[in-house]
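Let's walk through this structure together, one region at a time. Have the sequence and the 3D view at hand as you read.

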Amino acid sequence: MTRHHALAIVLALAALPVGAATPAAVTPDVPTGAAAARDAELAKLAAPIVDAFTNTAPSFTPDGRKVVFLSARDGMPQPYVADAARPDAPAARLATLKQRVGAVRPTPDGKYVLFTSDVGADENWSIYRVTIDGKDLSELTPGETLNRDAPIVARGAPGMLYYSARKVSAPASTLYALPVAGGTPKRIFGSPQPGALEDVDAAGKRALWRRFPSRTENYVDVVDLATGQAKVAYPTAGLPVAIMAAHFSSDGTRVLVSTDGGGERALIVAVDVRSGKELARYVEAKRPTGSINDLEVSPKGDRVAVKVNAGDHDEVRLLDARKLDVVADVALPLGSGTLGRFSEDGRRVTLTWSTPAAPTDIHAIDVKSAKAAPLRAEARPSAELAPVDVKIDEVKAFDGQSIPVLVYLPAGLPAGKKLPTIVNYHGGPAGVSAVRWFPVARFFLSLGYAWVEPNVRGSSGFGRAYEMGDNGPKRLDAFKDIEATGRWAAAQPWADKDRLVIFGGSYGGYTVLVGMTRMPDLWRAGVDLFGVVNLRTFLQTTSGLIREVFKVEFGDLDKDGAFLDSISPITDVAKIARPLYVYAGANDPRVPRPESDQIVAAVRARGLPVEYQVADDEGHSLARRATLLTFLSRSARFLETHLAKPAKTQ
């Protein structure tokens, strides 16, 4: 995304009628002179943090001897393989692509590794195949550009892969079959609503398909892969439910569904595939309002692994696969992550995990002992970083609810020391800020900032009612939470209230613009990464899937236009009174670049300080090392400059 600085464009924007085309792109800024020199200095400070690369998405090969995973060690995620028994052994790169890789897994026969990659982070994922020794790289889905999900291959039918896909512009999704050897994809099943493939049974006869008309109304269908016929497995009656994951049992007779059951409790329900009768139920007791985001079933049929999103952190448990009773809680440091897959012998299950002090890395959980051990042991530059203190706190909302808040501070902060403070709001809207490794936060902490992450209403992991608490007209309540958490942060003994920064990406970027238009006195500056500024133009240009799901989150473009206008920051752009840094990816399919163009043009027209960074090879992302380094150094220099100056009231 690029932007042209022209007052004529800005004036045209201000008068833009509903549904009119967005003006020409706005030219991004290019730092020169002292600004460019300072950027180079800050990039050197950021490099050790960015180079503390992540390893993710681990899967064991069928013989259990190797682990296949993604690593960003070369500047963006790429596929690797390593010895599963020797964490210190070198990892071998399986393929060399100029683009990022989004999913990776070996085939059940051990011959190949399948992975997905897109171009310029545009989310039109294509499926690739390479041998386990890194030879014969082949693109299996050339031609039509589609937003494809990760492929699944049945253990008992390794010659065929299945995947769900959709056009980025449309909500409808389709289930395809494709020979692993290559060929023409075959359409098996389609849904006019957003949907995705969840699992394929071991025999390769049936699939589980999750339909999600909205975040809180989901269904799981069982699809016959030979006929394309589908029937609802869960829920067959009752209230709308949210569904986080679904899997077949190892013998294919049951469907295990992670859900909220339409209420506040996190559940796993096991239903009979043929009759739909409920056979067993697990009710999360320790974190009842959390959500069970990950659900993995052992090929041996004896264990189920679950990851509970407890809001501010994650937890992992092992369950008995038949009774769904807890067998063990996995001992893990305070942090968050993602479950991978079981080994073929059922003795281990993979895990991705991070903490504020430990970059995201891959581990294996021993099922018998319920202990996790690293699958990689690689030195990172981050080991030299100063320690950080993490505190879980809460803020009282206007209606008495508690708003969870994470606080990160440099360790050993002297009493009375006041720091410039960044308040970072997550995306989603139904995302969550959990304790984790986050290089952006780590960098600003290293520069002497405090870093605060509120989980305002609408966040996941705190119950169904809390997540739905910002839907539609209730968005105004979430705005009150933004103000409450910002003013709370400003009042803390470690915070310099005169150097308070609002920061966020995606929906968090929208939150930045809401904060700067609705409570301009509170913030000294803002950093907006691909944030929505105009809900009308956003809903006209975003992906079809997001447009459909956001009918409940925000409103229907045809029916709720006046309300959407009232909560669009562009409506109140004249109230912005502080400097703003804006980042956009040129190929973003979720929040297309014109959203960022609009806010930059409007703020430039008012003569306020605004700096605009556009990455030509990024989408809704900071996937490349160079992009992240540039963003960190430029945004830090921008804040450094403007926080040092006396605040001016516009």
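You will find Glu-123 in the loop between β6 (112–117) and β7 (126–131); helices (H or I, at least four residues) and strands (E, at least two) are DSSP runs, numbered from the N terminus.

A word on the model: it is predicted, so local features need pLDDT of at least 70 and side-chain atom pairs count only at pLDDT 80 or more, while totals for chains, interfaces and linings use all residues. Residues are numbered from 1 along each chain as its sequence is written, and side-chain values use heavy atoms, leaving out hydrogens and water.

Ala-370 is another non-glycine residue with a positive phi, of about 60°. Ala-370 sits in the loop between β28 (358–366) and β29 (371–374) and is buried, with a relative accessible area of 7%.

Now for two cis peptide bonds. One runs from Tyr-234 to Pro-235, with omega near -10°, and Pro-235 belongs to the loop between β17 (230–234) and β18 (243–248). The other links Gly-428 to Pro-429, with omega near 10°; Pro-429 is in the loop between β32 and α3 (439–446).

Strand β32 leads us to the sheet. Eight strands form an open, mixed sheet in the order β30-β31-β33-β32-β34-β35-β36-β37, where two strands pair if DSSP finds at least two bridges between them. At the edges stand β30 (388–396) and β37 (610–615), each with a single partner strand, so one side of each has no neighbour in the sheet. Within the sheet, β32 (residues 419–425) and β33 (residues 450–454) pair in the parallel sense over three bridges, and Val-423 has Val-452 in β33 as its bridge partner.

Helix α11 (residues 625–643) packs on this sheet, touching β32, β34, β35, β36 and β37; contact here means heavy atoms within 4.5 Å. The direction of α11 makes about 180° with that of β37, with axes fitted as lines to C-alpha atoms (for helices, over the stretch in contact) and angles running from 0 to 180 degrees between N-to-C directions. Helix α6 (residues 507–518) lies across β32, β34 (495–505), β35 (525–529) and β36 (580–585), at about 140° to β34.

Key
Buried < 20%, exposed > 50% of the residue type's maximum accessible area, 1.4 Å probe, protein only.
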